[in-house]
Amino acid sequence: MASALEMRGITKFFASSSVLASNNVDFSVQAGTVHALVGENGAGKTTLMNILYGLISPDSGDILIDGQTVKITHPDDAIRNKIGMVHQHFKLVPSFTIAENIMLGIEPSQMGFINRTQEADAVRKLSEEFGLPVDPTLRVQDLSVGMQQRVEILKSLQRDARILILDEPTAVLTPQEVRELYVIIRRLADEGRSVILITHKLIEVIEIADHLTVMRRGQVVGTDDVKNVTVKEIANLMVGREVILTVDRKPATPGQVVLKVEKLLVADNNGLPAITGVDLEVREGEILGLAGVSGNGQTELIEAIAGTRQIDSGHVYLFDTDITTSTVKTRRNKSMAHIPEDRMTTGLNLRTNIDENIVVTMYDHDEYHNGNLLRYGKIRDLARTLIQKFNIKSAQVGEGISTLSGGNLQKIVVARELEGNPKFIIANQPTRGVDVGSIEFIHQTLIDTRDAGTAVLLVSVELDEILALSDRVAVIYEGQIMGILEGDDLNKETLGLLMAGANIDDIVGATL
Amino acid sequence: MKRLRQIIEDFSIPTIAVILGLVASSFFVVLAGVSPTETFARLFCEGFGSRGCETFGDLLFVEIEDEDTGLFVTHFAPTYGDRGHALALALEQATPLILTALSATVAFKVGMFSIGMDGQLVLGAVVATVIGYALPNQIYLWAGVEDPEMVVGLPLIMMQIFIPTLAISGAMITGAFYSWIAGFLKIKLNVNELISTIVLNAIAVQFVGYLINFPLRADLNNVGRSERIDDTAWLIPFSRAIFEDIDWFSGSRLGIGIVIAVIMGIIIWVFLWRTKAGYEQRMTQGARKFAVFGGIPAERAIIRAMLISGALSGLAGAVQILGVERRIVDGFASSGIGFDGVLIAILAKESILGIFIVGTLFAGLKIGSINLQFGDIPRQLGSMIIALIILFTSMEDFFRDWITRIRLRFSPIRDVTPEKSKDV
């Protein structure tokens, strides 16, 4: 039987960045299977899939669907060939309803007028057929990320996609939403559809995929049945060297309190209370993990501590100094550093070069300016030093950063924030969307700074990351700290219960 | 190598755009029943040529019959200044455009799409005019001088220095204040700067129209106009002083203004690309979250940029009055210098050098298109040609893609791997 999809000898060279993103790649998927396409950031996975979906035209190569050569030069061609794609960053119209989004371009209409009832009915029928309940009349802007993804999947199914491409589908989901997604993926495969899963989370591959193809530097370096390989083998293949998946760390030796948060009240963007009375302490030489399902106030709490969000009441102290109303600059000058959640818009300015990105937290330090003039020579030296020290590949001083991979971009942020040996670091999702090699590096860097006596506040939605790095873990639920775990109490089960809103006295007390 | 390729590309794109603009507009030229090549040659000769310029080749080398000997002599056209050069006129008209384009660029470079240049410019112009005639008159009154021409020597030089300086400063402060309003509204009340500057422009234009027609009206001339500025406030053109012997300048009112524009260009470049404040404002542009996160006082950067932007537009108004117009006439307010400046800033992609090139081209083409009507060519044709050239210039990204594709066809891919770092 012919493969549901076969891509032969696909080559694509990006002239603007001189990158050979796809080098004579062969890739095939069988019907009714889940095929994982794995690789580090910048390995060429997304490029390959964008070629399949007609978003990028390859320099050479053929695409065969069910054994027939097809020509795909535009997403319309892809849709006609029953290929659907759910992008990492959803392409939905926020102000439209679910039904309007799903039926966009294929609206049932009479004499040019859209029939709303028929539109909603069609979506309702579709969602029942696939067991993906949605309310067609809700607006996309009001939906959770997981729900939006479901709408994207339904949108592809409405167009009868036989091959469904999911680009990093779990990157933005909560653990529960990930579970639900797995069920959906499996059901679609059982119906005879092919699901291509672009990912760099290896656990995910083992859990859900049937086959996998590993890419590195624009080339396929291996393809096999998932049952024949281990996580470690995949990781080594992806990175091209031996990878240490566990972090080696000594017990912490906490010192004095560096950051103290007292009875904090903070509102979210809509003015609703997001943090309702949080008390926290982070000490020298320890990593305090902040665990929780995303959207429980982590963002607001971190922004309040970092100084980019107004505090309604309560206090934040850094080394006994009240910094509740201090500017970001003051806080940074008092040795606070911050690795933000979103490196693309907050952590970096992709419109400028690496030098200016690195100096943003230091440009008014004496060594980098002379009166009103910036000392660009010194700044370049700093950039050069950090690129070497942190082994930021492909980065060149004075050059733009928009073509760098996620892992390298994150390294730039980490390098900048650690410069000047801060006494307190906020690390918010420090490895989100980052490849295995960089994760390993960033984790080790955080441990090293902890050992050097820095206080670290680590926020992550990845429980494994929290458990691997933290000395103590605070669990946040609906804007409150449900409890702080350490030592023997610190395990996945207890954390999971607290994250779901259980009371700490009930659980910890019961296990004692 | 890479840089060279970049430079060639940067220059070939506008050239292609201009040629395509001309090709597209030849349709209308033919429709008007005139020869396209002749029309275009005339357009460019009138805008940038020397005496005797007839064809495109004459823009570089021109053959002129010597009146005494009757022999034809070849001259290098850009420097051949006999009976004045069109380029001097183009530069004269480009001066305020360059200043307003710089003004727009400073605002754009903090992420404020301010198009309030026209309002700031006319208010600056009015202030410069009033200081330009009222202040010298007051001084003459205090000093008891009955005939201004009696003032000579040191007092004259002092006045020639201080009065223009004061007039320019007044105009710059006025422009800065007017621009600050839009910045303040943006920060405190989140009023969209596009809307506020459009409204502020309308207010300023009407207000200045009123001033010219009533309180400041000097005579019963058909078109309302103010008094003429005193000679001590006048930034005398090169053709009347300093370079009066050089023919190249004759017939134009090109003067100190262009020098001021060049100095401002350099200052703004240094400000944007070399100072802390410039860094702060560039980081605020389009990456506000990043700026705030890094500890950059973004709101202060916005206010500062708006003040500088307004001051530059006010300066443009002052330079135009003190150097060219010498009085403010009804209609000046709606001449659109500010808006053309915005257009130039966008076409030049906010590059300072680009502003000077585009500004001069723009002014030259405008003069050329107006002068077309002195031949048999309809006047409207000139504006259409300019519009089409601008349209094609704005297709830059398309051309860039095109060039890349052609280049790739001729130089196939070599062994380039994605991780092209030095340590490999």
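This is a predicted model: local features need pLDDT of at least 70, side-chain atom pairs count only at pLDDT 80 or more; totals for chains, interfaces and linings use all residues.
Chain A has a mean pLDDT of 87, and 96% of its residues score at least 70. The secondary structure of chain B consists of 14 helices and two strands. Where the two chains meet, 33 residues of chain A and 25 residues of chain B take part.

**Confidence and domains of chain A**

- Among the elements of chain A, the highest mean pLDDT, 95, belongs to strand 22 of chain A, and the lowest, 63, to helix 18 (residues 504-511) of chain A.
- The domain assignment divides chain A into domain 1 (5-239) and domain 2 (257-347 + 421-511).
- The centres of domain 1 and domain 2 of chain A, taken over C-alpha atoms, are separated by 33 Å.
- Contact between these domains involves eight residues of domain 1 of chain A and nine residues of domain 2 of chain A.
- On the side of domain 1 of chain A that touches domain 2 of chain A, four residues are nonpolar, three are polar and one is charged.

**The six-stranded sheet of chain A**

- In chain A, six strands make an open sheet with mixed pairing, in the order 18-21-22-15-23-24.
- Strand 18 (336-339) and strand 24 (480-486) of chain A are the edge strands; each has a single partner strand, so one side of each has no neighbour in the sheet.
- On average, neighbouring strands of this sheet are turned by 20° against each other, direction ignored.
- Strand 15 (residues 287-291) and strand 23 (residues 472-477) of chain A run parallel and are joined by four bridges.
- Within strand 23 of chain A, Ala474(A) is the residue opposite Leu290(A).
- Helix 9 (residues 298-306) of chain A packs on the sheet and touches strand 15, strand 18, strand 21 (424-428), strand 22 (455-459) and strand 23 of chain A. The direction of helix 9 of chain A makes about 155° with that of strand 21 of chain A.
- Helix 14 (residues 406-418) of chain A also packs on the sheet, where it touches strand 18 and strand 21 of chain A. The direction of helix 14 of chain A makes about 175° with that of strand 18 of chain A.

**The four-stranded sheet of chain A**

- Another open sheet of chain A has four strands in the order 14-13-16-17, with antiparallel pairing.
- Its edges are strand 14 (273-283) and strand 17 (321-322) of chain A; each has a single partner strand, so one side of each is left without a neighbour in the sheet.
- Five bridges link strand 13 (residues 257-267) of chain A to strand 16 (residues 313-318) of chain A in the antiparallel sense.
- Lys260(A) has Tyr317(A), in strand 16 of chain A, as its bridge partner.

**Chain B**

- Chain B has a radius of gyration of 24 Å, close to the 22 Å that the globule rule gives for 424 residues, so chain B is as compact as a globular protein of that length.
- The C-alpha trace of chain B spans about 85 × 75 × 40 Å along its principal axes.
- Strand 1 (residues 61-65) and strand 2 (residues 72-76) of chain B form an antiparallel pair over five bridges.
- Val62(B) faces His75(B), which lies in strand 2 of chain B.
- The hairpin of strand 1 and strand 2 of chain B has six residues between the strands, and in this hairpin Gly70(B) takes a positive phi near 80°.

**The contact between the chains**

- The contact comprises 25 residues from chain B and 33 residues from chain A.
- Helix 8 (276-284), helix 9 (288-294) and helix 14 (396-410) of chain B each contribute at least two residues to the side of chain B that touches chain A.
- By class, that side of chain B has twelve nonpolar, seven polar and six charged residues.

How values were computed:
Residues are numbered from 1 along each chain as its sequence is written. Chains are lettered from A and ligands numbered from 1 in the order in which they are written. Two residues are in contact if their C-beta atoms, placed from the backbone, lie within 7 Å. Ala, Val, Leu, Ile, Met, Phe, Trp, Tyr, Cys and Pro count as nonpolar, Asp, Glu, Lys and Arg as charged, and the others, Gly among them, as polar. Two strands pair if DSSP finds at least two bridges between them. Axes are lines fitted to C-alpha atoms, for helices over the stretch in contact, and angles run from 0 to 180 degrees between N-to-C directions. pLDDT is the predictor's confidence in each residue, from 0 to 100. Domain bounds come from an automatic or database domain assignment. The radius of gyration is taken over C-alpha atoms; the globule rule is 2.2 Å times the number of residues to the power 0.38.
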